[in-house]
Amino acid sequence: MNNELLAMLDYIEQERGISKDQLIAAVESAIAAASRKSIHPASKLEVKLDRKTGQIRAWAKLQVVDSFPNNDQITIEKAKTVFPDVKVGDEIDWEVTPKDFGRIAVTSCRQAIAQKLKKAEREIVKEEFQDKVGEIVNGTVKRIEAGSIIVDLQKGEGIIGAKEKDKVPGEVYMIGDRINALLIKVDIETSGPSLILSRSNPDFVRKLFEREVSEIHDGVVEIAGLAREAGMRTKIAVRSNDPRVDPVGACVGMRGMRVRNITAELGNERVDIIRYDEDIKVYAANALHPAKLASIEADEEHRMLEIHVDQENSRLAFGKKAQNVRLAQKLIGWNINIIIDESQEESFEEKKAQVVEQLAGLLSIAPEKAALLVNNGYLSMDGLKTAGMKDISAIPGLDEESLNSIAAALEKFVNNSGDAE
């Protein structure tokens with residue numbers, strides 16, 4: 001049994017990288033805790049494992065007394081059988097190894113040894129990964145447990161939790177897949193994997209840009225802000241410390257290669273790269289791109305922006321399920337109130353009505369027939385002249401009488417144009 005124990009410790013040292021001294025200390029402590037009742041009732045016990053033979057022996061620290069000893073004492077008469085020169089009051093290490101202690105110890109404390117070894121392993125994991133918190137680590141999917149992804153990182157196990165704060169909605173992984181994730185925390189006290197990972201954390205995107213864009217890594221370009229809804233969309237604001245370097249162009253890369261690599265890692269999550277500006281109005285306009293804003297009013301005291309847009313740009317400003325404006329608010333750190341200006345829509349309708357009325361008079365046709373021309377993009381006599389009667393005749397809804405009237409008006413317009421020349 002002793003040889004088996006030494007062989008097991010040698011195997012663990014080689015396979016798991018735990019030093020034999022650490023293992024032996026863990027085994028001695030575990031045996032002392034698990035086998036206390038079978039050894040001796042003394043309060044101070046010490047167990048030692050011989051590193052060469054594997055023999056396990058135990059000692060109790062006892063005080064020498066004349067008579068009537070308690071659990072932590074020994075009579076001088078008995079002590080002299082081993083220590084002839086001992087005196088009353090001395091403290092001695094008295095061997096209390098039970099018969100066949102090696103088998104008893106190893107059998108009775110197998111679980112305790114496993115716990116000690118696990119703790120030693122966790123300490124090694126902590127030492128290995130503590131300095132990597134906040135960085136991207138790469139591993140292999142080992143197993144899936146209740147929606148959580150267990151990742152093999154070679155020298156430790158990581159976990160990407162099932163909740164949205166760790167896992168990107170919609171992402172699916174199979175056992176054996178390679179996976180990148182942000183190391184959030186090293187927790188050796190938890191019962192599961194010690195390395196807490198995340199792919200949905202905004203800093204995961206930040207680190208991807210630092211890794212992919214050399215200008216960011218070197219400090220030439222800075223990330224001024226980042227807002228993310230994992231799996232859907234990210235907005236990242238950048239600025240340059242060198243006027244010769246375009247921060248947005250640096251992040252996009254030649255032919256879009258850099259940002260394409262990042263979006264591929266994010267499962268094609270949309271990434272908007274925005275130019276940072278000290279002027280909050282300009283910054284907000286950049287953040288709400290591609291919407292074109294009519295005007296912006298800033299309330300610095302309440303950090304509120306009132307933004308006016310027309311009907312056409314309101315959908316772009318809000319985005320799908322208001323995602324665009326929501327991410328823009330997170331990015332710039334101001335509240336945004338979007339006001340849709342209906343007057344511009346009314347103005348367009350009024351202008352359209354004026355064009356219809358004007359064409360109807362010039363062509364001597366009914367207004368509803370002139371509206372058909374306007375709806376098909378013909379807003380002037382010049383436009384009708386360029387198109388010609390063949391294209392005009394193809395417009396659905398124009399009757400023969402209207403077409404004849406248009407042809408006569410165009411002939412007159414062409415003749416008058418020729419006279420003018």
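Student: Does F68 count as buried or exposed?

Tutor: A residue is buried under 20% relative accessible area, exposed over 50% and partly exposed in between, with a 1.4 Å probe and protein chains only. F68 has a relative accessibility of 78%, so it counts as exposed. This is a predicted model, in which local features need pLDDT of at least 70 and side-chain atom pairs count only at pLDDT 80 or more, whereas totals for chains, interfaces and linings use all residues. Residues are numbered from 1 along each chain as its sequence is written, and side-chain values use heavy atoms, with hydrogens and water left out.

Student: Where is F68 found, and what is its phi?

Tutor: Helices (H or I, at least four residues) and strands (E, at least two) are DSSP runs, numbered from the N terminus. F68 is in the loop joining strand 2 (56-65) to strand 3 (73-75). Although F68 is not a glycine, its phi is positive, at about 50°. A146 also has a positive phi of about 50° and is not a glycine. The loop that holds A146 runs between strand 5 (136-145) and strand 6 (148-152). With 82% relative accessibility, A146 counts as exposed.

Student: Which peptide bond is cis?

Tutor: The bond from H289 to P290 is cis, and its omega is near 15°. P290 sits in the loop between helix 11 (280-287) and strand 13 (295-299).

Student: How many helices and strands are there in the chain, and why is it described as more spread out than a compact globule?

Tutor: The chain contains 18 helices and 15 strands. Its radius of gyration is 41 Å, well over the 22 Å given by the globule rule for 421 residues, so the chain is more spread out than a compact globule. That radius is taken over C-alpha atoms, and the rule is 2.2 Å times the number of residues to the power 0.38. The C-alpha trace spans about 145 × 45 × 40 Å along its principal axes. Of the 421 residues, 38% are buried.

Student: Which residues of helix 12 are buried?

Tutor: In general, an α-helix has 3.6 residues a turn, so residues three or four places apart point the same way. In helix 12 (residues 311-318), the buried residues are N313, S314 and A317. They cover an arc of only 120° around the axis, which puts them on the same side of helix 12; the arc is that of the directions from the helix axis to the C-beta atoms. The face turned away from that buried side carries the exposed residues E312 and R315. The buried residues pack against strand 14 (304-310), helix 13 (323-332) and strand 15 (335-341), where contact means heavy atoms within 4.5 Å.

Student: What does I274 contact, leaving aside its neighbours within four places in sequence?

Tutor: I274 belongs to strand 12 (residues 270-275) and is buried, with a relative accessible area of 4%. Its contacts beyond those neighbours are K235, I236, A237, V238, V248, Y283, N286, A287 and L331. The C-alpha atoms of I274 and Y11 are separated by 55 Å, and the two residues are 263 residues apart along the chain.

Student: Where does D166 lie, and what does it touch?

Tutor: D166 lies in a loop, between strand 7 (157-160) and strand 8 (178-186). At 9% relative accessibility, D166 counts as buried. Not counting residues up to four places away in sequence, D166 touches I160, G161, L197, S198, R199 and S200.
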